Amino acid sequence: MTATPLLSNFVAGRWQAGSGAGTPLFDPVTGAELVRVDATGLDLAEAFSFAREQGGAALRALTYKQRAVLLSAAVQVLQANRDAYYEIATCNSGTVKNDSAVDIDGGIFTLGSYAKLGDGLGERHSLLDGEPARLGKDPLFQSQHVLTPTRGVALFINAFNFPSWGLWEKAAPALLSGVPVIVKPATTTAWLTQRMVQDVVDAGIFPLGALSVVCGSAAGLMDQLQPFDVVSFTGSAETAAVIRSHPAVTQRSVRVNIEADSVNSALLLPDTQPGSAALDLFVKEVAREMTVKSGQKCTAIRRALVPQALYAEVAAALAARLAKTTVGNPRNDTVRMGALVNRAQLATVQQSLHYLGAQTEVLHDGGSHALVDADAATACCVGPTLLGTRSAAGSDAADRVHDTEVFGPVATLLPYRSDAADGQDGLAHALQLVRRGQGSLVVSLYGEASALLARAAQELADSHGRVHIITPDVAALQTGHGNVMPQSLHGGPGRAGGGEELGGLRALNFYHRRSALQASTAVLDLIKNGADHD
Ligand code: NAP
């Protein structure tokens, strides 16, 4: 049997193959081996210092506007190669076209959005943060805060579920800031990241050292980090703990951003009437979130909360929708939901279903879905499963549901007590249940009464990176519970990792250092006018 191709790493300005046998990547539907990745034997010290010194210096020599032009050029290259990316996603991630689009087009769109934002920053090399502040009675000596790009490397350690978006949503603000990037994609789906980097590198858009990719083991990467570097991690809470406790972070003050797992919720407000538009929107979104990318989305709805009186109606409506989901080989046009990423992920989902099963009833059984064009013995496919806690007391008792992120097409319907007698317009119990997620990326609220929605949103904002509020008037405009838009913050407090990404220009903060310049008005005026570079 001939060996599958070994993907190269791009570090220190050149393509370099690992010296080991490589780790194979598979098609999660057919089980076929596709390519191999390997980072054995790379000179990581050289890779990091090349990026830091050559890539960083070349990027920082450009203005924000000039770097924005490079981002736009990268968008053009990626758009020209979209078909190849879709093919890779189909065979390596097992996703249907619409789900591949979330990753591929979502990534390109985000990059394009930062190109536009960067254009507006103009021909500057640093950014002003606020207005000058007087330090005494005399206005001559003042303090002006500025943001300058950090003179280090941005290391990205990414999760398997977004090999494209996960790269570009981080690389766009980093490169726009003038900070070179080294990306280490999750091994299972590293191919798409590697191919996109290859296309952009081959097009010669960015200076050498600005964009590097390491495919394979993460061993040794964190050891390379120095005080002005930053690391942005996306993945499980378990690996996040390893990153946080690394000496680079604990001893060398490397700035770290963590995007971890999250038990997100959707809440149907207590004033909802049976058969209402709000109820219908809620049902559609929960079903959609469960099935998009087979539920392998960090923002997916895991807990769906409804007033006790609506539990049976919502359960029936959701089960009817989910029953229509065709599951199997994404190459078959009738299939709406493809595969989980690998056998390990399938096994974890099945174990988690068993674990949650002890505290819930099954409202729709994913096992009832026959696979289309896929062999259950090899394909990592599973139908969507809706669980439920039946009673408000059951929702209180089901601690596993509030604690466990099942990274697959699984959600739990949780009824809550909505009698106004408990105060807060019947919201109190629902809010209490949502908060048991201990901090999430997103919560969505469905209802018709603006005042109640506004209050619920403000109650939940402190524990969520994003609150998505849906009334019937925005039904056709809304961007979706799980869709991360570059204009809005992504990240969440507490168990979600405590990180912050995107949010428009706010994302640039992570790649800049803030300093207070204390000087005469004349000096500060020069800086304000952009005379900040040779
Ligand atoms: P993971 O197993 O934690 O892996 C994430 C990344 O860390 C991979 O690149 C992995 O490399 C690397 N890694 C593993 N061990 C490491 C170590 N000791 N030191 C440094 N890096 C190490 O997570 P995953 O299974 O890929 O992703 C699924 C999880 O990510 C889910 O829980 C999901 O909620 C979360 N997620 C969160 C977000 C968000 O924005 N909050 C987005 C997407 C996913 P290898 O692949 O080579 O092992």
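**Salt bridge.** I looked up Asp 27 and found that it forms a salt bridge with Arg 331, with the closest N and O atoms 2.6 Å apart. The rule I used asks for a side-chain nitrogen of Lys or Arg within 4 Å of a carboxyl oxygen of Asp or Glu. Across the interface of domain 1 and domain 2 this rule finds one salt bridge.

**Ground rules.** The model is predicted, and I took local features at pLDDT of at least 70 and side-chain atom pairs only at pLDDT 80 or more, while totals for chains, interfaces and linings use all residues. Residues are numbered from 1 along each chain as its sequence is written, and side-chain values use heavy atoms, with hydrogens and water left out.

**Domains.** I have the protein divided into domain 1 (6-260 + 500-528) and domain 2 (264-486); the bounds come from an automatic or database domain assignment. Their contact (heavy atoms within 4.5 Å) takes 29 residues from domain 1 and 28 residues from domain 2. Taken over C-alpha atoms, the centres of the two domains are separated by 32 Å.

I then looked up the area buried between domain 1 and domain 2, which is about 2,100 Å², with 63% given by carbon and sulfur atoms. Buried area here is the accessible area (1.4 Å probe) that two parts lose on being put together, summed over both. Val 29, Val 96 and Phe 160 supply 26% of the area that domain 1 buries against domain 2, more than any other three residues.

**Largest pocket.** I noted a volume of about 750 Å³ for the largest pocket. On a 1 Å grid over the protein atoms alone, a pocket is an open set of points with protein on both sides within 12 Å along at least five of seven lines, a cavity is a set where a 1.4 Å probe fits but cannot get out, and lining residues have an atom within 4 Å of a point. Points are joined across faces, edges and corners, and a volume is the space filled by probe spheres set on the points.

The largest pocket is lined by 33 residues, and Ala 159, Phe 160, Gly 235, Ser 236 and Thr 239 lie nearest its centre. I sorted this lining into 15 nonpolar, 13 polar and five charged residues. The classes are nonpolar (Ala, Val, Leu, Ile, Met, Phe, Trp, Tyr, Cys and Pro), charged (Asp, Glu, Lys and Arg) and polar (the others, Gly among them). β10 (230-234), α7 (237-244) and α11 (343-357) each supply at least two residues of the lining; helices (H or I, at least four residues) and strands (E, at least two) are DSSP runs numbered from the N terminus.

**Second largest pocket.** I found about 650 Å³ of space in the second largest pocket. Of its 26 lining residues, Val 96, Asn 98, Asp 99, Val 335 and Arg 336 lie nearest the centre. This lining divides into eight nonpolar, seven polar and 11 charged residues, and its largest share, five residues, comes from α9. The second largest pocket lies between domain 1 and domain 2, because both give residues to its lining.

**Cavities.** I counted three cavities of 30 Å³ or more. The largest cavity holds about 90 Å³ of space; 13 residues line it, and Ala 159, Phe 162, Trp 165, Gly 166 and Thr 234 are the closest to its centre. Helix α5 (residues 165-177) gives the largest share of that lining, four residues.

The second largest cavity has a volume of about 60 Å³. Its lining includes Phe 160, Lys 293 and Val 341, and draws at least three residues from each of domain 1 and domain 2.
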